[in-house]
Amino acid sequence: MKRNNIVIIALIVIGIISFIVVEGFVNPRMKAKEEQYKMEQRNPLTHDFTAVLNYKNKYMGNISNLSHLNDNLPLGNIPKTYKLYPEKLTADINYKESVVNLGEQECKQAIFYNSTANFVLIDNLEFIRFNFDNLSYLIARSDVEKWYGIKLSSLQNNELWKHKVQSKLKDENYVNQFFSQNVKLEKEVQ
């Protein structure tokens, strides 16, 4: 009987120690890694493109897919609405923020990255418009395809994506050149 009590007490002590280790050390580290990953997903330079590959779709008219894709790209944390124009194969993403508040260069990187991702993953999307409180940018699939000089679907390969898209975003001149050649500034709202 005495031996059984000792075993029970030992098991309780082991259980308490295990609980303390898991709750005090393991879970906080896992949560910190999750938070770091979420922060990395907001930046086009550190975004994990493989995380959005499951949003590949033939049709831009699937609003659920389009919204989930863009919620998981940089700028995904900014409140937004969507409007689709199926007859023009165009999607509008209406951000409830201004470019000035987001930072112009950071915003340009994200628009560059996000437009490419949308065209790579949504087969029949021909135009995408990014509307902010003060600016609106229109980008055409044909211009982006010319820019890269390859079929956009080939960029679904993660290594090619990193080489052709993500690594180039560090170069401010490259991003600005993309904008001057491929992005139409549609309006300025006061």
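Leu89 sits in the loop between strands E1 and E2 (90-95), and in this predicted model its backbone deserves a look. Leu89 is not a glycine, yet its phi is positive, at about 50 degrees. With a relative accessibility of 26%, Leu89 counts as partly exposed.

You will find Leu75 in the loop between helix H2 (63-71) and strand E1 (80-85). Its relative accessibility is 9%, so Leu75 counts as buried, the limit for that class being under 20%.

Which helix gives the most to its lining? That is helix H4 (residues 104-121), with four residues. Sorted by class, the lining holds six nonpolar, four polar and two charged residues.

Side chains of opposite charge can pair when their charged atoms come close. The model has six salt bridges, and one of them joins Lys108 to Glu104, with 3.7 Å between the closest N and O atoms. Both residues belong to helix H4 and stand four residues apart, about one turn of the helix. Lys108 is buried, at a relative accessible area of 15%.

Arg141 and Glu126 meet through their side chains at 3.8 Å, N to O. This pair links distant parts of the chain, 15 residues apart: Arg141 is in helix H5 (residues 141-148), and Glu126 is in the loop between H4 and E3. Here Arg141 counts as buried at 10% relative accessibility, whereas Glu126 is partly exposed at 29%.

Lys56 and Asp123 form another salt bridge, their closest N and O atoms 2.3 Å apart. Lys56 lies in the loop between H1 and H2 and Asp123 in the loop between H4 and strand E3 (127-131), so the pair ties together parts that are 67 residues apart in sequence. Lys56 is partly exposed, at 31%, and Asp123 is partly exposed too, at 35%.

Finally, let's visit the surface. A nonpolar patch of about 960 Å² is built from residues including Ile8, Ile12, Ile16, Phe19 and Phe25. Ile16 belongs to helix H1 (residues 2-41) and is partly exposed, with a relative accessible area of 47%.

Definitions and conventions: Residues numbered from 1 in each chain as written. Predicted model: local features only at pLDDT ≥ 70, side-chain atom pairs only at ≥ 80, totals over all residues. Heavy atoms only, no water. Helix = DSSP H or I, 4+ residues; strand = E, 2+ residues; numbered from the N terminus. Nonpolar A, V, L, I, M, F, W, Y, C, P; charged D, E, K, R; others polar. Patch = residues over 30% accessible without salt bridge, like charges linked within 9 Å, V, L, I, M, F, W, Y side chains within 5 Å. Areas by Shrake-Rupley, 256 points an atom, 1.4 Å probe, with all protein chains shown as cover. Salt bridge = Lys/Arg side-chain N within 4 Å of Asp/Glu carboxyl O. Buried < 20%, exposed > 50% of the residue type's maximum accessible area, 1.4 Å probe, protein only.
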